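User: I am new to reading structures and would like to go through one feature by feature. Please give the general idea each time, and then the case at hand.
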Amino acid sequence: MSLEAKNSIRDFINEAMQKTGDHGIFDDHESLFSSGRLDSLTMMNLVMFLELNFAIDFSKFEFDVDLVDSINAIELLIKKK
Amino acid sequence: MKQAGFYYWRQLWVVDQNPYWHHWIHRWHGQLSAAVIAGLVLWPHFETSEIIIIIAAALLAARFQGRRALILFAGTWLYELLGAWYGWTDLLTNIKKISVDQFGLTGQSQTIALMCTVACLCFLYITLIFSKRLPKSIFSRHPLVGMLLLLSLMLLVGKTATGSTAYIADLVVLTLAPYVWFIPQAVMAARAGKSGSVLLNLALIRAFWNPTYLPYGKGPGYLEKHHSSNAKDLAITQLKGLKLLVWGLCLYLFNLTLSNVLPNEFKNLDETIAQFIRGEEFSIFKHWAVTIFSTISYSVNIAMWAHFFIGIARLAGYQLPRGSWRPLESRSLAEYFNRFHFYFKELLVELFFVPTFFQFFKTSPRLRVFFATFMAAGVGNALWHFVRDIHLVIQEGFVYSISTFTSYLFYCFALSVAIGISQIRSENQPQRSEAWLAKLKDFIFVWGFVSLLHIFGNGSHAHGFEERMLFLSSLFGVYR
């Protein structure tokens, strides 16, 4: 995944966090959803973002929160698609 | 002086960040103190023997990590078996009722409840083994549908057959109904190999800290992922557990004070609706007061129990998020649902929102989110509450159950539509203003809506939709 693509995902998550009043930083390996930092609606918005911008077809996978739980997990998902 | 006092209390409240207290809770007197504090907090709500089992299982499981699965299994199933015998859960009460009222059997209900619990354990064991060995079977892929079909079939047999066949079918429904919402998560964890051994899965499927119909802790897979992995994490988790239990106690005392301070006429929403329907004298002020106090009491109660359940789970070493987290700060209805009843929302998202989201309206993002929300907060919510009260179908019949459920159906419909709209709005909204006036406006909107909707969703079967709608109209001066 290119740096630009990774940054666009980071921006998306950053913006979602700002909306919830979370101005903290997050690492690429850090859990975003299982930890409760972001809610399930944001997860679905992220899914739509990935479908639209990275052409990921989630019907190919059995959806699990682990697939999109961190920047690293998303990177792996995009590589596997 | 004042500042020093504040500093002292602040330090006491953030014990989970202090290394001194980390060492303290690991030592024997720390563990003993934790047991005593937890016991005192739970004392008004549970039997003494229940408290001993719950606290002993939690602290021993956290202490002896090597034997954790066995201790948790013993705690969970000892609680279930003794609960069936002594009536700690509803199983014995419900079995007694149908045995005596419908089948004329007296005196053996305790033994039958015990046998049902053992049969349930066997059923769960077979189910988990089956899901592990055949992960692609229809049941393993759709465990909730499978469980609901099984319950429906048994209800039908119970209503159409006679004698022992009907009795056994009713017993199956009463025994398995509490597990309907736990089995899907355990099956999913078993399929994915996330829950460790079958013993651990059976221990966590409906763990001893959670004698309800709602999985506080989201099932074995999630629990294992959030287990404290080292001594420091465990100390922090246990201290946070104690804090949550104490916070739960504060909420209990608040509700107790409220019910003692309030005049009797303001305490009971169902009774007030009944008086209004009977045509007794009323005032709009009283109707508003009853609605608001009932909402407060109900909300505090939900938060209190969530704190107790999660507090005990934390004592057992599970780093779980709180079940209710500052719901008064909610800026939208979607946020309210997330903050107020986190584990209920998570259950509905996992079993209803996600499957719907990936199957319907993929080309229309707004409709996609709205419909998935409707399926979760509307359909899933209604189904969960119907299953929770399924004993009424056996005891009073379908007609009674459905006719007294109409108001809750309306509640689910209105809530799901409102949350759906709130979600779509929040997607397009820039960051919310942090000004106190904006916060106050959001607070009044969210909690005003929640209070009005509470008239239809207070969980009681006492009045139907029409009667509650008349009561709602009376708040705005419209009445017969």
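User: At what angle do helix 14 of chain B and helix 16 of chain B pack, and how far apart are their axes?

Analyst: This is a predicted model, in which local features need pLDDT of at least 70 and side-chain atom pairs count only at pLDDT 80 or more, while totals for chains, interfaces and linings use all residues. Residues are numbered from 1 along each chain as its sequence is written, and chains are lettered from A and ligands numbered from 1 in the order in which they are written. Helices (H or I, at least four residues) and strands (E, at least two) are DSSP runs, numbered from the N terminus. An axis is a line fitted to C-alpha atoms, for helices over the stretch in contact, and angles run from 0 to 180 degrees between N-to-C directions. Here helix 14 (residues 231-261) of chain B packs against helix 16 (residues 284-315) of chain B at about 155 degrees, with the axes 8 Å apart.

User: How is such an angle put into words?

Analyst: Under 35 degrees counts as roughly parallel, over 145 as roughly antiparallel, 65 to 115 as roughly perpendicular and the rest as oblique. Helix 14 of chain B is therefore roughly antiparallel to helix 16 of chain B.

User: In which hand does helix 14 of chain B pass helix 16 of chain B, left or right?

Analyst: A crossing is left-handed if the near helix is turned anticlockwise from the far one by less than a right angle, and right-handed if clockwise. Helix 14 of chain B passes helix 16 of chain B in a left-handed crossing. The residues of their contact are 15 nonpolar, nine polar and two charged. In this count Ala, Val, Leu, Ile, Met, Phe, Trp, Tyr, Cys and Pro are nonpolar, Asp, Glu, Lys and Arg are charged, and the others, Gly among them, are polar.

User: How do helix 19 and helix 22 of chain B pack?

Analyst: Helix 19 (residues 365-388) and helix 22 (residues 406-428) of chain B pack at about 155 degrees, their axes 8 Å apart, and are therefore roughly antiparallel to each other. Helix 19 of chain B passes helix 22 of chain B in a right-handed crossing. Their contact holds 13 nonpolar residues, seven polar and one charged.

User: Which residues make the contact of helix 7 of chain B with helix 10 of chain B?

Analyst: Two residues are in contact if their C-beta atoms, placed from the backbone, lie within 7 Å. The axes of helix 7 (residues 109-133) and helix 10 of chain B come within 10 Å and cross at roughly 70 degrees, which means that the two are roughly perpendicular. Cys116(B), Ala119(B) and Cys120(B) of helix 7 meet Leu171(B), Thr175(B) and Leu176(B) of helix 10. These divide into five nonpolar, one polar and no charged.

User: Which domains does chain B have?

Analyst: Domain bounds come from an automatic or database domain assignment. For chain B it gives domain 1 (93-223) and domain 2 (233-475). Their centres, taken over C-alpha atoms, are separated by 26 Å, and 22 residues of domain 1 are in contact with 22 residues of domain 2.

User: How many residues of chain A are in contact with chain B?

Analyst: In chain A, 13 residues are in contact with 14 residues of chain B. Helix 2 of chain A gives the most to its side, with five residues.

User: Is His22(B) buried or exposed?

Analyst: A residue is buried if 20 or more other C-beta atoms lie within 10 Å of its own, exposed if 12 or fewer, and partly exposed in between, with C-beta atoms placed from the backbone. His22(B) has 20 within 10 Å, so His22(B) is buried.
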